[in-house]
Amino acid sequence: MSTSAEGLSLVIIAHEDIYTSIARQREGLGAAYQERAATVVLSPAALGQLGLRDGDLIQLTGAAGTVVVKGTSDSAVEEGIGLMPISPYSNFLAGDDAVQGCMLNLRHIRVTARGAEGDVTPLSDLLVGWAHG
């Protein structure tokens, strides 16, 4: 894990999260789903290096673009790793890889993390173009 004036380098691992899945099943892409989906879990040390506390906003920037999500910490998470539920947020960061035939790369998403102000990226911003293919 490297820290620079430009942010903290992380590898995001997207995973199935039962609570995110339940929120989507109950409400679709509503507020409860966004609350669960727009999160990243870091080690306490990583959150501290960013000067943030649980619940603060984090900007994640990867090759495919940038999202703003809420950050939390868990001592079980290794330094240099961020955990995100599989959702439009992690899918957006994963982008596609022409070598893999446009398969999402959900296991090894390289990003730079920084503290953020404002609001979580709205789901509608991430879903533009999905309805029209």
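Tutor: The questions below go through those labels in turn.

Tutor: This is a predicted model, where local features need pLDDT of at least 70, side-chain atom pairs count only at pLDDT 80 or more, and totals for chains, interfaces and linings use all residues. Residues are numbered from 1 along each chain as its sequence is written, and side-chain values use heavy atoms, with hydrogens and water left out.

Student: How do you know how many helices and strands the chain has?

Tutor: Helices are DSSP runs of H or I with at least four residues, and strands are runs of E with at least two, numbered from the N terminus. The chain has five helices and seven strands. Along the sequence they run β-β-α-α-β-α-β-β-β-α-β-α.

Student: Why is the link between lysine 70 and glutamate 35 called a salt bridge?

Tutor: The rule asks for a side-chain nitrogen of Lys or Arg within 4 Å of a carboxyl oxygen of Asp or Glu. Here the N to O distance is 3.5 Å, so the pair meets the rule. Lysine 70 lies in strand β5 (residues 65-73) and glutamate 35 in helix α2 (residues 31-37), 35 residues apart. The count for the chain is one salt bridge.

Student: What makes lysine 70 buried, partly exposed or exposed?

Tutor: Buried means under 20% relative accessible area, exposed over 50%, and partly exposed in between (1.4 Å probe, protein chains only). Lysine 70 has 30%, so lysine 70 counts as partly exposed.

Student: And what is glutamate 35 called?

Tutor: Its value is 48%, so glutamate 35 is partly exposed too.

Student: How many of the residues count as buried?

Tutor: Of the 133 residues, 38% do.
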